[in-house]
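I opened the notebook to look up helix packing, the chain contact and the nonpolar cores. The structure goes in first.

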Amino acid sequence: MELFLDISELSLKKHGESVCGDQVRTARTPDKTIVVLSDGLGSGVKASILATLTTEIIIRMLKADVGLADVVETVVGTLPVCRVRKIAYSTFVVMEILHADHSYKIVNFDSPETMFFRRDRLIRPERRTTRIHDKDIFVSQGCLEQGDFICLISDGILHAGLGVKMNFGWGWDNVAEHVEQRLTDRPQCAWEVTRNVLAQTHSLYGGKPGDDASIVGILVRRRNRLVIFTGPPLERATESAIVERFLESQGRKVVCGGTTGNIVARHVGGEVQVDMKTVTPEVPPIGELPRVDLLTEGIITMSKMLELLEICDFNAAALPSRRDGAVLLAREILNADVIHFIVGQSINEFYQNPDLSKHISIRKNLIREIVFALNQHGKEVTVEYC
Amino acid sequence: MSKKVQVQICVGTACHIMGAADLVVIEDLLNPSVRQKVEIVGVTCMGLCKDEANGKPPFVVIDGETLCEATLDKVLARIEQRARRLIDGGAGDVGA
């Protein structure tokens, strides 16, 4: 089973501060995924610097394949200690997941216990205690399964509402119960849960957080694949094989381009049915075709889609509700983890006509821009030209 | 089934940029008596823009006849003319 780690991290900064004193870093290497959440003592710039140092050191060492135990020993041994309170200037929790067998290890130094949900129920994996430099470090390990949800949180979430709406703050048990309830709604992505928890935190603080508050949600789910076929191939003779491969590929299938749609239609023995209800002044209408999940026009729709992704900051929930080609294409892309582009390089000469008000001649450049943006946002993207 | 005037609006990239999006309201602008005699569909790029001899986009094909640089007025007039012929029973010269 091909599992995917859908990771969402969100933070609130303490009211009145310019930066958040919690820091989150995630890193994916071919072998493992690492998530680090660090909470700097106090708040503001000093806390932020300490937490940043902590997360950066941990991430860099783990990426360099230094063992987790050695990393923790180094960091705990070198973290400065507050002279007044005799506690470390930053706390942290690290989760390391190996891709080969989905085994995980969570190492916790003075941070709230990580919440682990399996089949929508809170479970509490056994935690070992080890002492490193006279400090208790909690370690838990196991294997991830599809549907697992893991929550790394900073104490700012637990303290939400303290003295405002609740005597003792929101509290670990109540937060866990809240997350559990959200999971019964079958969230499509981790962001749906983290956004909800952070919104609740903000509300419990009465809109003025008394502490930095962070949450990292990790949803273990099936990898969503998407294949996008855009542009007619250079060689007509290769069309048939390319279309066949496109239709046989795993995951959802999208065609961007009317002529490309016509090529696919010829091979499936159908005809493109255009849905004129979806046309807008900016985006041409979509079409329907057997065996294809979405068919849109090419260049204009893809340009508009990229614009939309940037406006909504790559969050599907922030996309407009209207049903046009660009919105639907953006939704397909945001729901996918692995995206493969099949880009035909045949050029319609008219696209270079000076009468056209927009620059639409170079499909390749647009694809490059899209791929760059998607890579920046954690999508695994591959491109083949034909 | 009674015969209708077949109208195909090209919704390809070039046609869209050159004004095809403005043509989608055509159905609403037709005289009600004419509207029931007309079938309007959108079609993906017909490749007409690739040949200069066809003129410039946007293209609309009415019963097989290609209109280039199609505007609302131009298309409406042509549809009404064709539909009237159908209604008046002179359908002999209508068709692709």
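My entries follow, by topic.

**Ground rules.** I am working on a predicted model, where local features need pLDDT of at least 70, side-chain atom pairs count only at pLDDT 80 or more, and totals for chains, interfaces and linings use all residues. Residues are numbered from 1 along each chain as its sequence is written, while chains are lettered from A and ligands numbered from 1 in the order in which they are written.

**Helices 8 and 10 of chain A.** I took helices (H or I, at least four residues) and strands (E, at least two) as DSSP runs, numbered from the N terminus. Helix 8 (residues 299-311) and helix 10 (residues 363-376) of chain A have axes that come within 11 Å and cross at roughly 25°. Axes are lines fitted to C-alpha atoms, for helices over the stretch in contact, and angles run from 0 to 180 degrees between N-to-C directions. The two helices of chain A are therefore roughly parallel (angles under 35 degrees; over 145 is roughly antiparallel, 65 to 115 roughly perpendicular, the rest oblique). I list the contact residues next, with contact meaning C-beta atoms, placed from the backbone, within 7 Å. Helix 8 of chain A contributes A:Ile299, A:Met302, A:Ser303, A:Leu306 and A:Leu309, and helix 10 of chain A contributes A:Arg363, A:Leu366, A:Glu369, A:Ile370 and A:Ala373. By class I get 7 nonpolar, 1 polar and 2 charged residues. Here Ala, Val, Leu, Ile, Met, Phe, Trp, Tyr, Cys and Pro count as nonpolar, Asp, Glu, Lys and Arg as charged, and the others, Gly among them, as polar.

**Helices 6 and 7 of chain A.** For helix 6 (residues 239-248) and helix 7 (residues 258-268) of chain A, the axes come within 10 Å and cross at roughly 85°. That makes helix 6 of chain A roughly perpendicular to helix 7 of chain A. A:Glu239, A:Ser240 and A:Val243 of helix 6 meet A:Ile263, A:Val264 and A:His267 of helix 7. This contact divides into 3 nonpolar, 2 polar and 1 charged.

**Chain B against chain A.** Chain B puts 16 residues into the contact and chain A 25 residues. On the chain B side, helix 1 (13-17) and strand 2 (38-43) are the elements giving two or more residues. Helix 1 of chain B gives the most, with 4 residues. I count this side as 9 nonpolar, 5 polar and 2 charged residues.

**Core.** Which residues touch the most other members of the largest nonpolar core? They are A:Leu329, A:Ala330, B:Cys10 and B:Val60, out of 72 residues. A nonpolar core is a set of buried Ala, Val, Leu, Ile, Met, Phe, Trp, Tyr and Cys residues joined through C-beta atoms within 7 Å. Buried means 20 or more other C-beta atoms within 10 Å of the residue's own.

How values were computed. Two residues are in contact if their C-beta atoms, placed from the backbone, lie within 7 Å. A residue is buried if 20 or more other C-beta atoms lie within 10 Å of its own, exposed if 12 or fewer, and partly exposed in between; C-beta atoms are placed from the backbone.
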